[in-house]
Amino acid sequence: MVLVGSIIEISNLQFEDYLDLKQVMIEAYSSLNEPYWSESAIKKLINIFPEGQLCIKVDGKVVAAALAIIVDYKKYGDNHTYRQITGNYRFTTHDENGDVLYGIDMVVDTAYRGLRLGRRLYDARKELCEQLNLRAIMAGGRIPNYVQYAEEMSPKEYIEKVRLKEIYDPTLTFQISNHFHVKKVLQNYLPGDHESKDFATLLEWINITYEEEESFLKLPKSIVRLGLIQWQMRLFESFDALVEQVEYFVDAVSDYKSDFILFPEFFNAPLMAEFNHLGEAKAIRALAQYTEPMLEKFIEFALSYNINIITGSMPVVENKKLLNRSYLCRRDGSWESYTKLHPTPSEVSAWGMVGGDSLKVFDTDCGKVGILICYDVEFPELSRLYALQGARILFVPFLTDTQNGYNRVRRCAQARAVENECYVAIAGCVGNLPKVNNMDIQFAQSAIFTPSDFAFPNDAIKAEATANAEMTLIGDLDLELLKQLHEYGSVQTLKDRRTDLYEVVWKKKESQESE
C-alpha cells in the first residue's frame, strides 16, 4: 500500500536492490516452479546492459521491475522459446548491435498493483527503445487466465476475446492496453507455466521513430573465433550425462564469443559400453540410435548459446549401411551434414562402414567452410575442391589411437592449409576406454593451422593444445590475410596451378553442391 507522502521514483536497477527484487518475484510468481532470478543472473544483466534493467522504488524499496536485453532478432525469428532467446538463461544472446529490445521480465509487487506502475515501466522501456534507435520491443507474454478457458476455446480464440474485452487477462489485457499487438501464439515457450497451459503470446511494439542505418555493403566478418574441444574419453552412466558434458563445453566456449565450436570424431563412443556384449559391428550400429537425439541437442545449443557447432562425427545407419556423419548446426537454427567419404581399412573390416558420395561447401555467417572427417584430410583432392568453391576454413574432427596415426592427420592437415591458402582446424579425443571394443586408446593434440607466409606464424600454427590432455583451444582467424595471401603472397599456389596440364574434377557432379 502506498501512503500519502511516499516517494515514488523510477531508476535503473542496482545490484544492492536484489533482495527486494527477489521478494517481489516470489510473491508475484508463486505459481511457477522457479519464481525468481538468481543473484548471478541479475548481476550479469546489470553488467552487460545496465540501462535496460529498470525498477520503481517506493521510499527506496523496489516494488516493480522490468528486465530486458537487446537481440539480433533475425537470428531467432518468431519460433523461439524463452530458453533460446535468453541463451539458456545466461543472456549470451545479448547483442549491443542488435535491432530489438527484448523484454525478459516484468513484475509488480502484489501489494502495489492498480497504481499503473507497470505502465510507467512500459513507457520507460519505449523511451529507451527510441533513444537506442531499436526497431521494436518484443516479448513473450503469459496468459495466466487461460487455464480457466482451456477446455472451451483455443489460445487464438482466447486472445481474440481478450482483445475485444470479452475476457479479462491480468497480463495480456495490460499489454494490449499499452499498444502491444499479438504477433503469434507460441507453444512450449515457458515450460511449467501451467496457468498458461504452456502457451504464450509473442508481443510486439513498433518504434515508429526507428531509422535504419544506411548500409551500402553487407560485409562478412573478417575475424573469426574458433573453439576446439579436445575431448577426454570417459565412461558416462547415461546419454543425459554425456549431453551435460557437451553442453558444459558449448557454454564455456560461447562465453568467449566464439563463432564456431568443433567437437572430435566419435566423441560419443563411450555410450557403446552398454552394447559391448554385442560385438564391434553390432555395437557401433546400436550407438547410432543416439545420433538423432544428440543432433537435436546440438541444434538447441547452437541457438541457445549463439554459436555455430561442428558436431564432430557420429554413426548413422541408412538403408542398412553404416555411415560416419558430421553436422554443421548454425546459430540461426538451420543445419546440414557431411558424410565421411573414406572409411579407414579398420573401420571397414571391424564395423562394415561405407563412405559417402557427396562433397558440399557450407555457407555460414562467417563465410564458406568445409568439413572433412579424419582420414578424408589425407586425400588432397577434397581440400582442393573445397578451396576452389571458396572455403576458407576446413574443420577436421578426428580420432586416432597412436601417435603415428595422429601425425598422418596432423601433417596432412598442415599441408592442406599451405597448398589451399586456408585455415585448417583439427580436434581429437584423448584418454582411453577400456570397456569399449575397438576404442581402447586415443592420442591427440588439437590445433589450428595456417598458410606459411610472412603474415602468419613462422611455424604456420595459430594455436595448439597440450598433447593428451582434456582442454579447449581458442583462436582468432583473420580472413583478410587470406585475401592478401592469394593476391600478393610470396608463392600463390592457387593462382599458379597449371590448369593447361592438369585439374581436379569431381566426377559425380549431381552430388557435389556449391552455393
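Modeller: Start with glutamate 274, which lies in the loop between β9 and α8 (280–287). The names come from DSSP runs: helices are H or I runs of at least four residues, strands are E runs of at least two, and both are numbered from the N terminus. Residues are numbered from 1 along each chain as its sequence is written, and side-chain values use heavy atoms, with hydrogens and water left out. This is a predicted model, so local features need pLDDT of at least 70 and side-chain atom pairs count only at pLDDT 80 or more, while totals for chains, interfaces and linings use all residues.

Glutamate 274 counts as partly exposed, because its relative accessibility is 44%. Here buried means under 20% relative accessible area, exposed means over 50%, and partly exposed is in between, with a 1.4 Å probe and protein chains only. The side chain of glutamate 274 makes a polar contact with the side chain of tyrosine 290, at 2.6 Å. A polar contact is a pair of N or O atoms within 3.5 Å; within protein, one must be able to donate a hydrogen and the other to accept it, and residues adjacent in sequence count only if both atoms are side-chain atoms. Now look back along the chain. Leucine 235 is 39 residues away from glutamate 274 in sequence, and their C-alpha atoms are separated by 9.9 Å.

Serine 258 sits in the loop between α7 (239–254) and β9 (260–262). Its relative accessibility is 2%, so serine 258 counts as buried. Its side chain reaches the backbone oxygen of valine 253 at 3.2 Å. What does serine 258 touch, leaving aside its neighbours within four places in sequence? The list is Arg225, Leu226, Gly227, Val253, Asn306, Ile307, Arg331 and Ile474. Contact means heavy atoms within 4.5 Å.

Lysine 257 is in this loop between α7 and β9 too. Lysine 257 is exposed, because its relative accessible area is 54%. Its phi is near 60°, a positive value in a residue other than glycine. Most residues other than glycine have a negative phi. Asparagine 188 also has a positive phi, near 55°. Asparagine 188 is found in the loop between β6 and β7. With a relative accessible area of 49%, asparagine 188 is partly exposed.

Now for charged pairs. Side chains of opposite charge can pair when their charged atoms come close. A salt bridge is a side-chain nitrogen of Lys or Arg within 4 Å of a carboxyl oxygen of Asp or Glu. How many salt bridges does the structure hold? There are 29 salt bridges.

Aspartate 251 and arginine 90 meet through their side chains, 3.0 Å from N to O. Aspartate 251 lies in helix α7 and arginine 90 in the loop between α3 (82–85) and β4 (100–108), so the pair ties together parts that are 161 residues apart in sequence. Aspartate 251 counts as buried at 13% relative accessibility, while arginine 90 counts as partly exposed at 30%.

Glutamate 195 and arginine 142 form a salt bridge with N and O 2.8 Å apart. Glutamate 195 is in the loop between β6 (181–187) and β7 (199–206), and arginine 142 is in the loop between β5 (136–141) and α5 (155–163), so this pair ties together parts that are 53 residues apart in sequence. Glutamate 195 is partly exposed, with a relative accessible area of 29%. Arginine 142 counts as buried at 18% relative accessibility.

Lysine 161 pairs with glutamate 166 in a salt bridge, the closest N and O atoms being 3.2 Å apart. Lysine 161 is partly exposed at 30% relative accessible area, and glutamate 166 counts as exposed at 53% relative accessibility. There is a network as well: salt bridges link Asp78, Asp99, Arg135, Lys183 and Glu204.

Finally, the whole chain. It has 13 helices and 22 strands. Of its 515 residues, 52% count as buried. Among contacts in the chain with a separation of 6 or more, 71% come from residues 24 or more positions apart. The C-alpha atoms fill a box of roughly 90 × 60 × 45 Å, taken along the principal axes.
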